[in-house]
Amino acid sequence: MAVYLRGDIAKAEPSINHQRLKSLIDRNDPRAVRFLTRLWDKQKTDITYAELRQMILTGQIDSATIERWRQDYSRFVTGDLMPLWKDMIDGAVSAFSERWPTWAFDTGTEQIAEYTAHHAAELVTNSTGQQIEAIRTMVQRAATVQDLTVDQLAQIIRPTIGLYKGQAAANLNYYNNMRRFLIKNHPRMKAASIEQRAKEAAIKYAEKQHRYRAHMIARTELAFGYNTGEYNSIRQAQTQGYLGRMKKRPSTADDERVCSICRELEKETVEIDEPFSNGMMFAPWHPHCRCAMDYIEG
């Protein structure tokens, strides 16, 4: 936890909080990725080709499928992600507990419960919505090209379940490009063999895309848990008299990968109970955000 007196803030080592955040993320990231990929594998298996064909023909995803996906993500959040959030929260406040051994952090406050519940609901809604949008995008693009049968498209969609719209579209493009390449460069290859090889290539690509997406979600959500714990522990320490007036400012990883959004926010310092210019109280600001927070006393 980065808590500095006003006079010390210029001398504080900016990487301290990032090192702690990165260490905790590295510890929990493999588990979160495993949980997510397991969820998507289940969803790919659960949906039938008959259901996929119906989606393609009608252009609609039936409400029963949408509800299954929503429940899948709800179980993931409550059963898998929340325990990881708790570990990140505990890690965020450990240094603070070392500083004041008599201080105890209450994770069961109404504020934390409300905030995490709201965030969890948003995550479930967004994840389900992105999945629906991804399938609709593939169906629309395939309809525009009009060179795939319903059965072919169903077999291409199934391995991409769990991807977001951009990834799904990229996977369909990859599949079509592979087919065109094989037709052009292997004129003697049978149509069935071309179809099989293009499909297998697209499936392997989808596996890489799922891993990338799982890491993105995992690292972002773990950072959320860490920063949630840190912010709320500071507020609790204030109410218990351990800390006085506090301000906060974002702290980037300070390398070439830092985006313009985070660079601009790092220039801001606000009161602890005020939002930043983007309307948010603390990082992460966006997917893959690596920002931590500095809290300044005085």
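Is lysine 42 buried, partly exposed or exposed, going by its relative accessibility? Lysine 42 counts as partly exposed, at 38%. Keep in mind that this is a predicted model.

**View 1. Lysine 42 pairs up with aspartate 72.** The closest N and O atoms of this salt bridge sit 3.2 Å apart. Lysine 42 belongs to helix 1 and aspartate 72 to helix 3, so the pair ties together parts that are 30 residues apart in sequence.

**View 2. Aspartate 80 reaches arginine 38.** Here the closest N and O atoms are 3.6 Å apart. Aspartate 80 is buried at 17% relative accessible area, while arginine 38 is partly exposed at 47%.

**View 3. Arginine 68 meets glutamate 51.** Their side chains form a salt bridge, 3.5 Å from N to O. With arginine 68 in helix 3 and glutamate 51 in helix 2, the pair ties together parts 17 residues apart in sequence. Both partners are partly exposed: arginine 68 at 29% relative accessibility and glutamate 51 at 21%.

**View 4. Helix 2 crosses helix 5.** The axes of helix 2 (residues 49-58) and helix 5 (residues 150-157) come within 9 Å and cross at roughly 115°, which means the two are roughly perpendicular. The crossing is right-handed. Among the residues that meet are Tyr49, Leu52 and Ile56 from helix 2 and Val150, Leu153 and Ile157 from helix 5. The contact residues split into eight nonpolar, one polar and two charged.

Notes
Residues numbered from 1 in each chain as written. Predicted model: local features only at pLDDT ≥ 70, side-chain atom pairs only at ≥ 80, totals over all residues. Heavy atoms only, no water. Axes fitted to C-alpha atoms, helices over the stretch in contact; angles between N-to-C directions. Helix = DSSP H or I, 4+ residues; strand = E, 2+ residues; numbered from the N terminus. Parallel < 35°, antiparallel > 145°, perpendicular 65-115°, else oblique. Left-handed = near helix turned anticlockwise from the far one by under 90°. Contact = heavy atoms within 4.5 Å. Nonpolar A, V, L, I, M, F, W, Y, C, P; charged D, E, K, R; others polar. Salt bridge = Lys/Arg side-chain N within 4 Å of Asp/Glu carboxyl O. Buried < 20%, exposed > 50% of the residue type's maximum accessible area, 1.4 Å probe, protein only.
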